[in-house]
Amino acid sequence: MTTPIATVQLDPADHARRTVALPGGRREPLSIFAARIALPVILLVFIVVFSALRPDTFFTTANLTTTLALQAVLAILCLSLLLPLIVGELDLSVAANLGLSVVLVTGLTSQNGWPLPLAVVAALGVSALIGLVNGLLIARVGVNAFVVTIAMSALVTGAIGGYTQGNVFYENIPQGLVDLGRGDLLGIPKPVVYAAVIAIALWYVLSSTPLGRYLYAIGGSKDAAALSGVPVKRLTVLAFVGAGLLAGVAGVVQAGILGSGNPTVGPPFLLPAYAAVFLGATAIQPGVFNVWGTVIAVLTVQVGTTGLVQLGAPFWIQPIFEGAALLIAVIVSRWLKREE
Amino acid sequence: MVHDADGFRTVLAVRELSKTFTGQLALDRVALDVRAGEVHALIGENGSGKSTLIKCLAGFYEPDEGAAVELDGHELAMPLTTTQSARLGMVFVHQDLGLVPTLSVAENFAIGRGYETGILARVPWRRIRAHARAELTKLGCGDVDVDLPIWRLPIATQTIVAIARALSSAEEGAQILVLDEPTAALPDAEAELLFAAVREVTAQGVGVVYVSHKLDEIIRLADRITVLRDGRKIETVDGAGLTEKDLIRLIVGRAVDVSERRPREVGSRTRVSVRGLAANALRDVSFDLHEGEIVGLAGMLGSGRSELARILFGAQRRRAGTVEIDGVPARLDSPAAAMRRGVALIPENRRRDGGVLDQSLAVNMTLPTLRSFTRYGRISGRKERRRVDELTRAYGVRPPMTSRAFKYFSGGNQQKIVIAKWMNTNPRLVIFDEPVQGVDIGARAEIVEHVRAAAATGTAVLVISSEIDLMLGICDRVLVLREGAIIADLVNRDLDRAAISELVYFGHPELIAPSDSKEGDRS
């Protein structure tokens, strides 16, 4: 999505209210437009300021690629979360699901001697299956998503413990898996390429296909969507399957980056992922969970913390930064909504 | 003490009560006198102003300038507030009762009053239970177990608990009790219990304002009856000796504006054929709808009319029965399946069911027909925009802003959007559930034209409405649904309001010749 080039002017019909012309002849209130571009502008400001302050370390290819690569897995996990959130449900099991995918793809190859492609398919299949069970329990049985996915998260965490016996798989990891996560394509780190491809595909589905419209309609009103002929239950299940599958993809990529199967790798992703998705919902399309807002949120947090660390901030600046950014963003967008 | 001409003590006197909603007069200088110890019924059609009047008295709405309300000789400050009213002795029990179902009877009494606490903030449960028991005894219900949670009690008893609690909330003794549709959710068998309690209340000298649309109750219970029509008080009559027919005449009043009726061509081909349909509230419902025919479905709330609509649209399962559309059996097990067979439902509750509030007019309008705008699976923005612009213009949506969120449109314009959205599916059967409810006068005429236009395309149209005028104005035939069964199938040639009202309110199918007689002129 391109940031619209806009001109601010007074609306002749309502002199008190400033509006902004968007490409395509539409107009919108200045406050909404400001919310739309606030986060991208902040990201830009970070890049400019940190580059100016630390020209030798910050604005270098090496630093930028590391910064991006570090966040590719988080970005994929955030994208997985978008699907349930768009249909108005929560999925708290994606991080555990990511962790299971990491230990499955590393364990099946190194411990059980499976060929890599088969192990990848199995890991993704299990992740999607977890999503399917979540979705069926939530949409068909009608159990609260919060409870279902928290229980699922606990079950998956237990399964990880059972499979790994608490050990880290680091021997006999196939080189092919490591090659999936390391190195680059045309100078871009591979994980970043994966995240970008997934983001583009998801954006296309959500913005340009009937399926995307249906998912947003379900999130807006299950009753109205159902009475418009949208198969609400089936698509809710699909959203959870998609979330599970993408969490599995994030796990395989993470396994490739780490080159080992650590049973504790999943859970720490959960809160940063939620923080980024909610932060992302204040940008680009304010008030709506959206792909590019999410991607920009992930980048903003990462660029901000990397820059601050380079300026001498301690390591724990990251969660502080994340929490503060999220709170400020939701407060500002709340405030702008009231202006509307 | 205020006494009226007949020497009765007047406890509640309402004068010049008006209420305007965005330019529309909902109540027009209404006056009301309620005597001590009487049951004073308030009757009128939907939209006659009953509930607006109650809501003004309860302080939900602020009446227009100039209204005066006196309670036992004290002029009340405007706007009224529930706390002021309760202090001076006017209390309310609304249809939803306002009880917490999971808490016990005693606890519900306590939350109504605010917990009084003893040493160490301890709640004096024994005193609260005794208080609840004493208040219930006054209504002849001393045997209710005050430790039972509310949901375990029969609905009549729940209502009585709500009444007892409301009466006890008046610190200096209750003078007026307002009961707003107290029997709406009550099984008939339990009504007797409630009536006995109401009589206990009046025996204590409390004036009861009783709002209900069940005429048989009013005949049995009311000492006097005030009739509202179009926001005006028509008259106050003595209840003694009145029949339900008299009441209907009072409620309905004016004759129908026949000029609205227009002869129309109705096709002979059967579009929809329903046989032996049964579900929760419906039993053995059968009827046919023809090409281009507008058929009204009349019936009280709870007669099963909305359920019938939801079943035909696949939003609810039927227990038995078949539906054929254009001669082919239809399973109708989901709205999507019903849509594929050409059924469209314009639902009663626009804000909940009609549209996705936060999304734009355009997104709402194309939701059921998105696939017709795709090319290789991708929505063609240009194609969609063009069609949305056409529909917005054709259906006169104002303002014609297609990117504006659905929720910002007025009720009438929301309805036009929903109609456009469904007519774009080229339906064979369109069901309009209360199409003009909550719609301003101007939009009303436009929507009526849209209903006629829908039929003109050859679609079968089913119109559900509480407004008998609307039915008489636009329908070719009227089906009367009562207690889940179709009790009359009437050709709208020389129908009048009274005939339909009688059938709707207490069902006398034998008074009117069945419509089978006209089968001849159709085939």
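## Cores, contacts and domains

Leaving aside neighbours within four places in sequence, Ile76(A) is in contact (C-beta atoms, placed from the backbone, within 7 Å) with Tyr194(A), Ala195(A), Ile198(A), Leu246(A), Val249(A), Ala250(A) and Val253(A). This is a predicted model: local features need pLDDT of at least 70, side-chain atom pairs count only at pLDDT 80 or more, and totals for chains, interfaces and linings use all residues. Residues are numbered from 1 along each chain as its sequence is written, while chains are lettered from A and ligands numbered from 1 in the order in which they are written.

A nonpolar core is a set of buried Ala, Val, Leu, Ile, Met, Phe, Trp, Tyr and Cys residues joined through C-beta atoms within 7 Å. Buried means that 20 or more other C-beta atoms lie within 10 Å of a residue's own, with C-beta atoms placed from the backbone. The largest nonpolar core has 183 residues. Ile76(A) is among those that touch the most other members, as are Leu77(A) and Val461(B).

| Core | Residues | Some members |
|---|---|---|
| Largest | 183 residues | Ile76(A), Cys78(A), Ile431(B), Val463(B) |

18 residues of chain A are in contact with 24 residues of chain B. On the chain A side, α8(A) gives the most, with 5 residues.

Chain B has two assigned domains, with bounds from an automatic or database domain assignment. Domain 1 covers 10–252, and domain 2 covers 269–354 + 428–522. Their C-alpha centres lie 35 Å apart.

Methods. Two residues are in contact if their C-beta atoms, placed from the backbone, lie within 7 Å. Helices (H or I, at least four residues) and strands (E, at least two) are DSSP runs, numbered from the N terminus. A residue is buried if 20 or more other C-beta atoms lie within 10 Å of its own, exposed if 12 or fewer, and partly exposed in between; C-beta atoms are placed from the backbone.
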